[in-house]
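Subject: Structure handover

Hello,

Please find the structure below.

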Amino acid sequence: MAVSVGPDPRPGGTGGARLALATLPRIPAASRPLLRPGDVPAGIVHLGLGAFHRAHQAVYTEAAMAAAGGDWAIVGVAPRSRAVLDALAAQDGLFSVTTAAAAGGHTRVVGSLAAVRHAPADPAAVVRLLADPAIRVVTLTVTEKAYQLDPVSGRLRPDPDLAADLTTDRPPVTVPGLLLRGLLARAAADGGPLALVSCDNLPANGRRLAGMVDQAIGYARTPDRLAEWIRRRVTFPGTMVDRIVPASTPVTLATAARALGVRDLAAVTAEPYRQWVIEDVFPGGRPAWERAGAVLTTDVRPWELLKLRTLNGLHSAVAYLGALAGRETIADALALPHLTTVLRRLVAEEVAASFRPPEGISVVDYGEQALGRFTDPAIRHRTAQVAMDGSQKLPQRVLHTIIDLRAAGRPVDWAALVVAAWMRYARGRADDGAVLSLDDPLADRIRARLAAVPDTPAGVAEALFGLAEVFPPELAGDDLLRAAVTGWLTELDRHGVAGTLARAA
Ligand code: CS2
């Protein structure tokens, strides 16, 4: 049954009944889950209960179990906030995904989440879970910054919490701390083989996660036999994950309530498109994700480059330019005159020239498809959401493109505009003077560096190219790149985004 989506006109939605096992019979048959939580034993622990996980891995895993069976229900762990966790706990792990599209949409409840845990409330329970032989796969969507890796070097940069997790016996509160403690417990109990799967948009995410665990072991000075046990028993498959899933809003909840007839406080809205490419190295087995449409492969790298540099690179470009121009959502930003022309040139002239895509894929066509996905007005993805954590995102989305082009002796122009847009955004003012809030783990460093230079294009470039966590020496010392970025900063200063795009296109 297709249910049209849109804001619920009735104040308060549909009364008090909540989504839960007991109320499932009341929701429309076509919206019911493929599985009932509790019917299938758990085989996966997932860290990070954000909207993306609920609309991506949870959906694939439910479909895989429905098609091919297997004890692969998910225990969801919230590493920090308990807002969604409380909603999910009150709903027996059930939540709905509204697949939105301009032409309408439909809402369906997902039943792959068997249980939820709050890591800060009971870290020991999470450590026990990670050591449990029934758990053979651990997946993560914790966002780039939670890995606490320097984006340029991949070096672990522990904050005081992580340092305490790694060097004292206190209950762990960070993701690397939890994983290390879990692996120690699993090795001690010989809990069997395990795949640790990063589903975050990091470059070479499998290798980064492996590197993070390895460095955490070194920092913690754990016995050598842990590293040896990990080498024998644990794999770190690389993945490419893709689905646009904005943060939920009251409109999301009202839409779900109207479609289901009961309230769902963990509802998410997502685009129809989804993709998951996974390196197939699972020593303890895995769900039949291919039955749900995932691609299992021996080489994720070309897919990862394609997605990070094209889709995410474009996304960040639209977010910074759009936010500077005062646009609230990605779809609104794309309506800026000339923006699409500039983005097409970015893809065709620079992104596509920077790497070899998967066999048979055209980067230009993929970029075109990405732009189409961004314009879906049913997905109200805020520019501010995509703009956040730029210091952690820019390297793999834009800077690696520039590094590869420059190494091949090519100039960069459009990618330099994206860097300039990020730098201007980091100054904290839109073109009309409105305040833009900088939500970034390096925000204090960025502000301090900007405060120490004159607020001119050359000053801003000088301050931010000096952020060694973001710009490797070959970029910081590249005069041609610096000149291109400073040129765009000057254009943006004089003409704003609208004028700059009109002059450039
Ligand atoms: C977005 C991504 O917030 C962001 O930075 O670019 O979350 C994007 O929506 C997903 O990677 C799409 O798969």
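Valine 142 touches Leu47, Gly48, Pro79, Val175 and Asp200, leaving out residues up to four places away in sequence. Two residues are in contact here if their C-beta atoms, placed from the backbone, lie within 7 Å. Valine 142 sits in the loop between strand 6 (137–140) and helix 5 (160–167). Helices (H or I, at least four residues) and strands (E, at least two) are DSSP runs, numbered from the N terminus. Is valine 142 buried or exposed? Valine 142 counts as buried because it has 22 C-beta neighbours inside 10 Å. The cut-offs are these: a residue is buried if 20 or more other C-beta atoms lie within 10 Å of its own, exposed if 12 or fewer, and partly exposed in between, with C-beta atoms placed from the backbone. Valine 142 and isoleucine 446 are 304 residues apart in sequence and 23 Å apart in space, C-alpha to C-alpha.

Before going further, note that this is a predicted model: local features need pLDDT of at least 70, side-chain atom pairs count only at pLDDT 80 or more, and totals for chains, interfaces and linings use all residues. Residues are numbered from 1 along each chain as its sequence is written.

Other loop residues

Glutamine 148 lies in the loop between strand 6 and helix 5. Its phi is near 55°, a positive value in a residue other than glycine. Glutamine 148 counts as buried, because it has 22 C-beta neighbours inside 10 Å. Arginine 221 also has a positive phi, about 55°, although it is not a glycine. Arginine 221 is in the loop between helix 7 (205–220) and helix 8 (224–233), and with 9 C-beta neighbours inside 10 Å it counts as exposed.

Leucine 49 is in the loop between strand 1 and helix 1 (51–55). With 29 C-beta neighbours inside 10 Å, leucine 49 counts as buried. Leaving aside neighbours within four places in sequence, leucine 49 is in contact with Gly76, Ala78, Val84, Leu85, Leu88 and Val116.

Helix 6 (residues 175–189) has 15 residues, which at 1.5 Å a residue should span 21 Å; its end C-alpha atoms are 21 Å apart, which agrees. The expected span is 1.5 Å times one less than the number of residues. Because 11 of its 15 residues are buried, helix 6 is largely enclosed by the rest of the structure. Among the buried ones are Val175, Leu178, Arg181 and Ala187. What covers the buried residues of helix 6 includes strand 1 (42–47), helix 4 (123–131), helix 5, strand 7 (194–198), helix 7 and helix 8. Aspartate 190 follows helix 6 and has a positive phi, near 40°.

Helix 16 (residues 414–426) has 13 residues and should span 18 Å at 1.5 Å a residue; its end C-alpha atoms are 19 Å apart, which agrees. Helix 16 is mostly covered, with 13 of its 13 residues buried. Glycine 428 follows helix 16, and its phi is positive, near 90°.

Domains and ligand

The domain assignment gives domain 1 (21–296) and domain 2 (301–504); such bounds come from an automatic or database domain assignment. The C-alpha centres of the two domains lie 29 Å apart. Their contact takes 22 residues from domain 1 and 27 residues from domain 2. On the side of domain 1 that touches domain 2, strand 3 (95–101) and strand 9 (239–242) each supply at least two residues.

Which residues are around the ligand? They are Asn201, Asp242, Arg243, Ile244, Asn312, His315, Gln385, Val386 and Lys393, where a residue is near a molecule if its C-beta atom, placed from the backbone, lies within 6 Å of it. Helix 10 (301–324) and helix 14 (383–387) each supply at least two residues of this shell. The ligand shell lies between domain 1 and domain 2, because both give residues to it.
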